[in-house]
Each structure stands twice: as structure tokens, then as C-alpha cells.
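Morning, everyone. Please look at the sequence and the structure on the screen, and then I'll walk you through them.

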Amino acid sequence: MKMYDLITLAEKGILILIAIFTIISVGIEMYTVIINGKISLTDLLLMFIYAEVLGMVAAFYKYNKIPITIPIFIAITALCRLIILQGKGISTIDLIYESAAVLLLAIAAIVIQRVMKESDADAKDKDKALEEIQKK
């Protein structure tokens, strides 16, 4: 077995473990919410993070790559959850830094999506041009 095959196998195994652990964590979180009898915004954001992690694993298995925007969305959600968890006790400068980080990540996601759309459009144009050349 080649080294590449071993690394690929390890990667897929780790992703399966991540999916299993994420599902277990969702179950534990839902159990905690049911026992407490109260759902908070931070609980919902945490479950959203879990859903995004599962989406990232699913995207890997569907496309054999992880779209870079999914981890960015996870980071944005995690930062928003952190801001909410800190509540009113957070210092102003920390709130500014964390908010700036959310803004920076959001801008990065927009830029990456636009660049990817443009590169996909360019690739499609090249494919059409090649097809036309091959037809002649």
C-alpha cells in the first residue's frame, strides 16, 4: 500500500470519527436541554455548529474536498456564541476585537465565494472553447 493511500485512509477514518463524535455531542446537548427544560440561544448556536461540522464531513464525501467557506461559517458561529456567552461582563475592547474578527471572516467568505464563482465560470468557458475546437 502506498503512502498516499494510507494517508487518504487515515483521513477518511478521522472524518468518520468526527461525524460519530459530533452526533454523540448533539445527543448529549439535546439531552441536557431536555433535562434543563430551557433552550438558550447559545444552545441553538452550538447545535448549528454541530450541523455545520456534519455538513463539512458530508461535503468531503460528496465532492472529495471541503469547501473553505464551511469552516469560515463555523468560526463565525463560534465567535458569535462566544460573544453571547460572555454576556454583559465582556470588556469593550474584547467585544470590538471579536466583532472585527466576525466581520473579517464574513468578508473573507464573500471574497472566496466570488473568486470561486469566477474561476468556475472561467473553467466552463475554457471547456466550451475546447469542445468547439474538437468539433472542428
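Buried here means under 20% relative accessible area. Keep that in mind, and remember that this is a predicted model.

Start with Phe60. Its relative accessible area is 7%, so Phe60 counts as buried. Next along is Tyr61. Buried, partly exposed or exposed? Tyr61 is partly exposed, because its relative accessibility is 37%.

Now the rings. The count of aromatic pairs comes to 1. Phe60 and Tyr61 make that pair, and the geometry is edge-to-face. The centres are 5.5 Å apart, with 85° between the planes.

Tyr61 also belongs to a nonpolar patch on the surface. Which element gives the largest share? Helix 1, residues 3-36, with 6 residues. Take Ile28, which lies in helix 1. Ile28 counts as exposed because its relative accessibility is 52%, and the cut-off for exposed is over 50%.

On to the inside. In soluble globular proteins, nonpolar side chains tend to be buried together. The largest nonpolar core here has 6 residues: Ile49, Val53, Met56, Ala59, Ile70 and Ile74. Helix 2 has the largest share, 4 residues.

What does Ile74 touch, leaving aside neighbours within four places in sequence? Ile74 is in contact with Ile49, Val53 and Met56, and also with Glu52.

Last item. There is a second, separate core of 5 residues, including Ile72, Ile76, Leu79 and Ala109.

Terms used
Residues numbered from 1 in each chain as written. Predicted model: local features only at pLDDT ≥ 70, side-chain atom pairs only at ≥ 80, totals over all residues. Heavy atoms only, no water. Patch = residues over 30% accessible without salt bridge, like charges linked within 9 Å, V, L, I, M, F, W, Y side chains within 5 Å. Areas by Shrake-Rupley, 256 points an atom, 1.4 Å probe, with all protein chains shown as cover. Salt bridge = Lys/Arg side-chain N within 4 Å of Asp/Glu carboxyl O. Helix = DSSP H or I, 4+ residues; strand = E, 2+ residues; numbered from the N terminus. Buried < 20%, exposed > 50% of the residue type's maximum accessible area, 1.4 Å probe, protein only. Phe/Tyr/Trp six-rings, centres within 6.5 Å; stacked < 30°, edge-to-face > 60°. Core = buried A, V, L, I, M, F, W, Y, C linked by side-chain atoms within 4.5 Å. Contact = heavy atoms within 4.5 Å.
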